[in-house]
Amino acid sequence: MKKWIAFWNILAKDMRSYYLKPPNISWGLLFPLVWIAMFFIRSGLGFESITGLLPGVMALSVLFGTTSVLSVTVTFEKKGRSFERLLLAPISLELLMLAKTTGAILFGTINAFVPILIALFLTDLSAVNWSIMVPAVVLIAVSSTFLGLFIAVSVKEVFEAQTFSNFFRFPMIFLCGLFFPIASLPLVLRPLSYILPLTYGVDILRGAITGKNSMYLGLDFFVIIFFCLVLFFVTLKNINRKWIT
Amino acid sequence: MRMQESIQTTGSRESLIDVTNLTKTFDDITAVSEIAFSLKKGEIFGFLGPNGAGKTTTINMLTGLSRPDAGMITIAGQDCVKYPKKAQHLIGIVPDESNLYPELSGFDNLCFCAALYGMRKQERQERARELLEKFGLKDAAHRKFGGYSRGMKRKLTIAAGIIHHPQILFLDEPTTGIDVASARQIRQLISDLNSGGTTIFLTTHYIEEAERLCGRIAFIVQGRIARIDTIENLMQQTQGRHVVQFAISDNTAGLCKNIIAEFQDLQCRPVAGGVRVESSRPIRVGPLVRLLEDEGAEVSEARKIRPTLEDVFVQITGIEAGMMKQEKEKMKMGGES
């Protein structure tokens, strides 16, 4: 029970201090709005095209929502040494890092539903398979958050966290099949697409919203869960190696 | 030899912390080398040494923030090298720099720290109020920690360290870089905590502070413990020593060298505003004043002084304590705002 009091309070503090701040909320709303508008105008089609845009916009909202805040806040706390306070608390490292990441996962998941809310007013979403879409959004949020954590542990400065995040994020956007189908990518780049968790997340979302997934959904879920576990445990190992010297 | 004596007593039942052959190396630098000591329940144990001596590295290993390369740490019977988390609920830590959350208020910081130890809401709020009152921070309870003065930050950091009623409190340089009044208050708080039963591990470079607060002291230099003993035993080393301090308004550079060359039974070292001369025999002041004046120094005062723990420290480690203090103050002023 005591460790869950610690878990809940770490999560609540992070939500209050970082995620529920006006700049983050406005970023969380503005970002999907701009992406929807951009894709919509570019497509030149009617509101029906919004369904086709949703998987990409949702995936981007989650990716940016999770990695931006988490990698920066963890680096910031590490630099200010307040993270030491958490490492000295009598809770396991696994639980501590779950507490630190749950805020980002929730924030990313909520971000993903902003485009859905907008789309609800503009188009018919009755064909959406919610029982597949919701877990897919959560898994994209988890994998992106753990990627953010991996980045945070790899750097020392806040600006490095931002730069390093972009180093991963932008190639991911172009390689995960959002803008171009993976099949149309140069042969040499295709293997890279398949080692990105976002590729599988986007495929599940596409399947859930438009029914046009390119891979078997079971495989998509398996691979993205595998990525989440690998990223989490590799990051824990890195924390043990780098922060508990 | 005294260190060995300490090791032999570490097995006693009243020991709360036992450390044996603790070693830590960073790349090619040995930060801590085969140190051994024990802390008895209810004592204030001082850990004294210059910058880079290995004080903070030792605290980090004891608290689980750093892994030793070799050696044993036992806290309240728990093997803290194998299971560093097992004793963390027993210990409180006040690091050398305040590391609370600048965006939270003093009250919220304390409540958050209490929650990390699993304290329930009502319990942690009551404890936070009690500590804010005790540390004279009641009026600043709802102000953001980032806006506190340096002294207030130190006090709240100590309050955060004891929020969960730890059995052992690690204090790393608690009074460095803060004003005299706050430092005095903090020393009183440390003393009160100890009277209440908290065992205290104190690192400091203020030798007079250690002398006032601690029962036993370890001198650590270049990662090795030079000496561990009680204040009484350490001070006995100064018995039969005679010390005279000359106040000199000019530059004292080179004066000690000339004094030692002329009077071979004397030891001399520069101190702030003059030189300090020591001997095992009574010191004749006249010839010394003449020598100093012949060297062009203007002597305004010659005062016989009682030898202090600082003299013992200098004697054992060969390190000038005043310089150590100034160096640390400079670092602190530059590092913490």
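Which residue in E14(B) does B:Phe246 stand opposite? Hold that for a minute.

Ground rules first. This is a predicted model: local features need pLDDT of at least 70, side-chain atom pairs count only at pLDDT 80 or more, and totals for chains, interfaces and linings use all residues. Residues are numbered from 1 along each chain as its sequence is written, while chains are lettered from A and ligands numbered from 1 in the order in which they are written.

Now the interface. On the chain A side, 19 residues are in contact with 22 residues of chain B. Contact means C-beta atoms, placed from the backbone, within 7 Å. Two helices of chain A, H1 (2–19) and H4 (82–87), each supply at least two residues of the side that touches chain B. Helices here are DSSP runs of H or I, at least four residues; strands are runs of E, at least two; both are numbered from the N terminus. H1(A) gives the largest share of that side, seven residues.

On to chain B. Its domain assignment, automatic or from a database, gives domain 1 (2–235) and domain 2 (240–331). Their C-alpha centres lie 34 Å apart.

Last, the strands. Pairing takes at least two DSSP bridges. E11(B), residues 242–248, pairs antiparallel with E13(B), residues 274–279, over six bridges. Six bridges also join E11(B), again antiparallel, to E14(B), residues 299–305.

Back to B:Phe246. Its bridge partner in E13(B) is B:Val275. In E14(B), B:Phe246 stands opposite B:Ala302.

Note on methods:
Contact = placed C-beta atoms within 7 Å.
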